[in-house]
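Student: I have a new structure open and I'd like to learn how to read it. Could you walk me through it, feature by feature?

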Amino acid sequence: MGVAAKIAPSMLSSDFANLASEAKRMLSLGADWLHMDIMALLIESLRKHTTAYLDCHLMVTNPLDYVDPMGKAGASGFTFHVEVSKENWQELVQKIKAKGMRPGVALKPGTPIEEVYPLVEGENPVEMVLVMTVEPGFGGQKFMPETMEKVRVLRKKYPSLDIEVDGGLGPSTIDVAASAGANCIVAGSSVFGASEPGQVISLLRKSVQGAQQNN
């Protein structure tokens with residue numbers, strides 16, 4: 001598979017009082033992206049301190065309203081939820097790209113995977129699919145292994161697509177996600193709560209790369 005492993009520590013689990021140094025620490029320990037579940041103000045303040053890829057996930061009902069502010073704040077990727085954008089996703093993707101951001105679409109555990117197909121196959125497609133592996137909204141939840149079937153189906157259908165997983169990812173759950181075909185791994189408490197976060201980042205990456213070699 002020609003998709004690179006990308007490990008994205010979730011800044012939701014970081015020490016907000018030391019956001020800039022937390023970001024720097026994660027990047028120095030090998031993080032590829034920084035995953036942001038948070039609003040434009042925080043992204044803007046972090047952007048002043050880093051050139052890192054800011055992978056922004058918006059759990060909002062009106063993502064169109066956020067394209068301009070997120071673009072101005074310095075977001076790199078803009079991932080919106082399919083559940084709230086069935087009517088206007090084409091316009092949304094176009095605006096995200098026009099602001100220089102990379103469009104992605106997310107889906108909750110209960111949403112059928114077929115709902116994202118049109119967005120991946122459209123004339124102006126999204127460039128990443130985020131499969132939520134917990135119900136979004138709260139950190140520290142348990143990984144839902146049943147969501148892996150969606151990842152498997154996506155990977156088989158779209159070999160070169162970036163497929164991200166978010167929720168409950170860590171050393172005990174990475175192998176099942178990697179072998180299903182996920183290559184972008186969001187990890188919060190398993191990285192920030194570890195005594196050696198760099199070792200966890202490295203383990204996550206090795207699992208993704210190992211699974212790709214075995215496929």
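Student: Which residue is the bridge partner of D166 in β8?

Tutor: The general idea is that two strands pair if DSSP finds at least two bridges between them. Here the partner of D166 in β8 is V186. Strand β7 (residues 162-166) and β8 run parallel, joined by three bridges. The path from β7 to β8 goes through helix α7 (residues 174-180), and this β-α-β crossover is right-handed. To judge that, point the strands away from you: right-handed means that the path from the first strand over the helix to the second runs clockwise.

Student: Where do these element names come from, and how far can I trust the model?

Tutor: Helices (H or I, at least four residues) and strands (E, at least two) are DSSP runs, numbered from the N terminus. This is a predicted model, so local features need pLDDT of at least 70 and side-chain atom pairs count only at pLDDT 80 or more, while totals for chains, interfaces and linings use all residues. Residues are numbered from 1 along each chain as its sequence is written, and side-chain values use heavy atoms, with hydrogens and water left out.

Student: What else pairs with β8?

Tutor: Strand β1 (residues 6-9) does, in the parallel sense, over four bridges. P9 is opposite A187 in β8.

Student: Are the faces of β8 covered or open?

Tutor: Start with the term: buried means under 20% relative accessible area, exposed over 50%, and partly exposed in between (1.4 Å probe, protein chains only). In β8 (residues 184-187), both faces are covered, with C184 and V186 buried on one side and I185 and A187 buried on the other.

Student: How many residues of strand β5 are buried?

Tutor: Five of the six in β5 (residues 102-107), so the rest of the structure largely encloses that strand. It pairs with strand β4 (residues 77-81) in the parallel sense over five bridges, and F80 has V105 in β5 as its bridge partner. From β4 the chain passes through helix α4 (residues 89-98) to β5, in another β-α-β crossover that is right-handed. Strand β6 (residues 128-132) also runs parallel to β5, with four bridges between them; there, G104 is opposite M128.

Student: How do I read a helix?

Tutor: An α-helix has 3.6 residues a turn, so residues three or four places apart point the same way. Take α4: its buried residues are W89, L92, V93 and I96. Down the axis of α4, these lie within an arc of 95°, so they line one face of the helix. That arc is taken over the directions from the helix axis to the C-beta atoms. The face turned away from the buried side carries the exposed residues Q94 and A98.

Student: What do the buried residues of α4 pack against?

Tutor: They pack against α3, β4, β5 and α5 (117-121), where contact means heavy atoms within 4.5 Å. After α4 comes G100, whose phi is positive, near 80°.

Student: Which residues are buried in α2?

Tutor: In helix α2 (residues 40-47), they are A40, I43 and L46. Their arc is 130° seen down the axis, so they too line one face of the helix. Their cover includes α1 (19-28), β2 (33-36), β3 (53-57) and α3 (67-73).

Student: And the whole protein?

Tutor: It has nine helices and eight strands, and 53% of its 215 residues count as buried.
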